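Biologist: I'm new to this one. Can you walk me through it?
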Amino acid sequence: MTEPAPAAWQADLELIADAARAAGAVALAHFGKDPEVWWKNGGHSPVSAADYAANRLLEERLRAARPAYGWLSEETDDDESRLHCSTVFVIDPIDGTRAFISGLETWCVCVAVVHEGRPVAAALVAPALNETYLATADGPATLNGAPINAALPGESQAIRVAAPADLVKAFGPALRNRLTRVSHIPSLAYRLALVAAGRIDATLVLKNAHDWDLAAADLILQRAGGRLVDSQGHDLLYNRQDVRHGFLLAGAAPLLPALLDGFRPV
């Protein structure tokens with residue numbers, strides 16, 4: 001089956017936005033109602049009945065609508081046939097499951113269309129906060145329909161950063177003295193969305209974040225004038241055999257050179 005030309009990314013955005021909102025409604029019906037929880041990855045990662053229900057809805061809708069696309073989701077066993085697809089759905093049915101289980105509102109549904117390694121359409125829906133972030137590769141990033149832009153603090157201003165204290169220590173003293181840590185934000189994808197919206201200035205990400213944590217928020221941040229990069233300043237590639245990433249930094253594009261120059265992770 002023929003895959004669509006890039007002009008179709010807007011149609012893909014409409015598809016994934018509707019699906020993400022519907023999945024968010026499914027998850028929201030479980031929120032605050034003590035859903036059943038299991039533990040995976042050797043007991044380190046929780047997954048709830050809401051994760052599975054949202055994933056089922058997304059998989060049914062999206063795979064039926066775009067059967068030529070590959071599929072990569074946190075809650076679906078990996079099928080390496082995706083590696084032979086130039087276009088792939090990358091899904092996290094609930095990013096921030098720990099927050100969800102704890103009754104915190106900072107969780108979101110993340111859906112991206114990745115084409116030849118980079119996201120081209122993205123929907124990030126935070127139902128408990130009534131927030132929807134959207135972007136395509138050739139359009140603006142929006143929050144509830146309004147354009148958003150990453151913040152660029154002045155040279156004398158503090159840089160509001162979301163990062164573990166140990167990771168902040170990886171910066172040299174001059175830059176470290178400008179960094180002001182914000183309160184912990186449990187969902188990585190939502191944290192990146194906050195950078196895109198200018199609510200925080202930067203975030204640092206520990207090793208082993210996965211494609212599904214990042215792909216949708218990466219595009220939203222990029223179209224808001226920011227970037228998500230590795231410690232060498234390179235953009236991320238998605239839909240590789242290994243879907244994990246190393247240390248990452250995100251912020252407004254003009255801010256990143258200084259962050260990268262001062263960042264020395266151990």
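Predicted model: local features only at pLDDT ≥ 70, side-chain atom pairs only at ≥ 80, totals over all residues.

Biologist: Which of them are closest to the centre?
Modeller: Asp95, Arg98, Pro186, Leu188 and Asp213.

Biologist: Which strands and helices each supply at least two residues of the lining?
Modeller: On the strand side, S2 (45–48), S4 (87–95) and S12 (202–205). On the helix side, H3 (97–102), H6 (188–196) and H7 (211–223).

Biologist: And where does the largest share come from?
Modeller: From S4, with 3 residues.

Biologist: What's the lining like by class?
Modeller: It has 14 nonpolar residues, 10 polar ones and 10 charged ones.

Biologist: Back to S4. What is the order of the strands in its sheet?
Modeller: The order is S3-S4-S5-S6-S7-S8-S9. That is an open sheet of 7 strands, with mixed pairing.

Biologist: Which strands stand at the edges?
Modeller: S3 (70–73) and S9 (146–147). Each has a single partner strand, so one side of each has no neighbour in the sheet.

Biologist: How do S4 and S5 pair, parallel or antiparallel?
Modeller: Antiparallel, over 7 bridges. S5 covers residues 108–115.

Biologist: Which residue in S5 is the bridge partner of Ile91?
Modeller: Val111.

Biologist: Is Asn239 buried or exposed?
Modeller: Buried. Its relative accessible area is 13%, and the cut-off for buried is under 20%.

Biologist: What does Asn239 touch?
Modeller: Leaving out residues up to four places away in sequence, Asn239 touches Arg82, Leu83, Cys85, Val88 and Asp211.

Biologist: Last one, Glu60. Where is its place?
Modeller: Glu60 sits in helix H2, which spans residues 49–65.

Biologist: Buried or exposed?
Modeller: Glu60 is exposed, with a relative accessible area of 59%. Over 50% counts as exposed.

Biologist: How far apart are Glu60 and Ala19?
Modeller: In sequence, Glu60 and Ala19 are 41 residues apart. In space, their C-alpha atoms are 9.7 Å apart.

Definitions and conventions
Residues numbered from 1 in each chain as written. Heavy atoms only, no water. Buried < 20%, exposed > 50% of the residue type's maximum accessible area, 1.4 Å probe, protein only. Contact = heavy atoms within 4.5 Å. 1 Å grid on protein atoms, 1.4 Å probe; cavity = no way out; pocket = protein on both sides within 12 Å on 5 of 7 lines; lining within 4 Å. Helix = DSSP H or I, 4+ residues; strand = E, 2+ residues; numbered from the N terminus. Nonpolar A, V, L, I, M, F, W, Y, C, P; charged D, E, K, R; others polar. Pairing = 2+ DSSP bridges.
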